[in-house]
Amino acid sequence: MPSREGAIARAAAFFDEGRFKALLADLVAIPSTAQEPEFAPELERYLRQAIQPWVERMGFAVAIHPNPLEGFGPILTAERIEDPALPTVLLYGHGDTVRGLDAQWRKGLVPWTLTEEGDRWYGRGTADNKGQHAINLAALEAVLAERGGRLGCNVKLLLEMAEERGSRGLQEFAEAHKDLLAADVLIASDGPRVEPDLPTIATGNRGIFQFDLVLALRQGGVHSGHWGGLTPDPAIRLGHAIAAICDARGRILVRDWLPRNGVPAAVRAALAGCPVGGGEGAAAIDPDWGEPGLTAAEKIYGWNSFILLAMLSGQPENPMNAVAPWARATCHIRYIADTDPNGFEAALRRHLDAAGFADIAIEKAGVRMAAARTAPDHPWVLWAQESMQRSLEARVQVIPNSSGGLPGDVFADQLGLPMVWVPHSYNGCKQHGPDEHLLLGPARQGIRAFAGLWWDLGEPGTPRR
């Protein structure tokens, strides 16, 4: 007789027998980087050759759409409707990757070839996001096999190919296809767990607000001997302006950027006892960096952070004996859903003016990815947590948002869906650099957890039933 235990065992066997590794190797072999124009044909090839035939075998009706914005990757939608009266899940993923950075991978590793070493599978997209959505689809296939082709719920799939370019076009697509994407809940995978060995559910994402600080004083540099000590140095002034924004221990001094009432009570409750880091990334954590009085989990999941991405003045590659004419810094704020990014630029302008930096210009300011959140105690979140804990016989940590960016606003704000993000990676996976990898332990847990989720979605007791 078909059973929940049988479905989970099927999914685990698919992983243990090497079939999932072979599947992931085929996905990684398609160089679907969205950040290099010459690879644009690979974006559609990933959808048409790798994903479409696979999900059609599972009974999905598939469509591949051009991106509403010219120059950005296509979008695949698929639906498997057993009965409109049943609960409907929207499953999301992205098949595009960042640049391969072929020359920067260490000896023996190639970005577009899956390489196993110890407990790791190396290759571009293994963690972000090919491995993650492949785990979820492979688990779905195992449950369908166990149930003889019936699932007991409806599934819609949205797979985009421009996430690594800020999910450009996804908002416009969702607005134009609300009926096509209508569902009861989003269940998807992206980003890292809080620790490699701790299964995690994130219910949202932090946003990104980016801007440039610019001070341009003259057309060209002037002789450092003749003018040094007489004429303002833009790099020095810009450095002091940045120091007025954030102190030497990472505390944000523009207090209007922060949640007005501190860490929200629901967020603090969800993060009680939540660890951060683990694995090789733990050594990078400085307990004295950031907002005083907050736990590490509250700093990364319940607060805003200021980051200086890049700074330039003069010619670092060929320094001249001159006072530079200009200085520029690119910065961003990682912010949670409890703060309004529409006030960030005005707050910064007031702060700089009050500190004596009215000459520093703010340019290119705006949201690059919006913050979004579902309440950590939402019924769908608690349902998923219980299901995963039953499947894995382990604690599952719920966090109010991931530390990174996701297109959560599309699902929460535009489509009105509660969000359940179940990451299968960890924060040391090197997802945007060379040597990206997926850990086998979390991946195997992930396929078992999702087999349990898919099984339970076809049973009574979901929040919709």
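A polar contact is taken here as a pair of N or O atoms within 3.5 Å, where within protein one atom must be able to donate a hydrogen and the other to accept it, and where residues adjacent in sequence count only if both atoms are side-chain atoms. The structure is a predicted model, in which local features need pLDDT of at least 70 and side-chain atom pairs count only at pLDDT 80 or more, while totals for chains, interfaces and linings use all residues. Residues are numbered from 1 along each chain as its sequence is written, and side-chain values use heavy atoms, with hydrogens and water left out.

The chain is divided into domain 1 (4-205 + 371-458) and domain 2 (207-267 + 288-369), with bounds that come from an automatic or database domain assignment. The C-alpha centres of the two domains lie 35 Å apart, and their contact (heavy atoms within 4.5 Å) takes 17 residues from domain 1 and 11 residues from domain 2. The buried area, that is, the accessible area (1.4 Å probe) that two parts lose on being put together, summed over both, is about 1100 Å² between domain 1 and domain 2, with carbon and sulfur atoms giving 60% of it. Of the area that domain 1 buries against domain 2, Ala371, Arg373 and Ser403 supply 44%, more than any other three residues.

Between the domains, three residue pairs are in polar contact, both residues being at pLDDT 80 or more, and one salt bridge is counted (a side-chain nitrogen of Lys or Arg within 4 Å of a carboxyl oxygen of Asp or Glu). Arg373 forms a salt bridge with Asp338, with the closest N and O atoms 2.6 Å apart.
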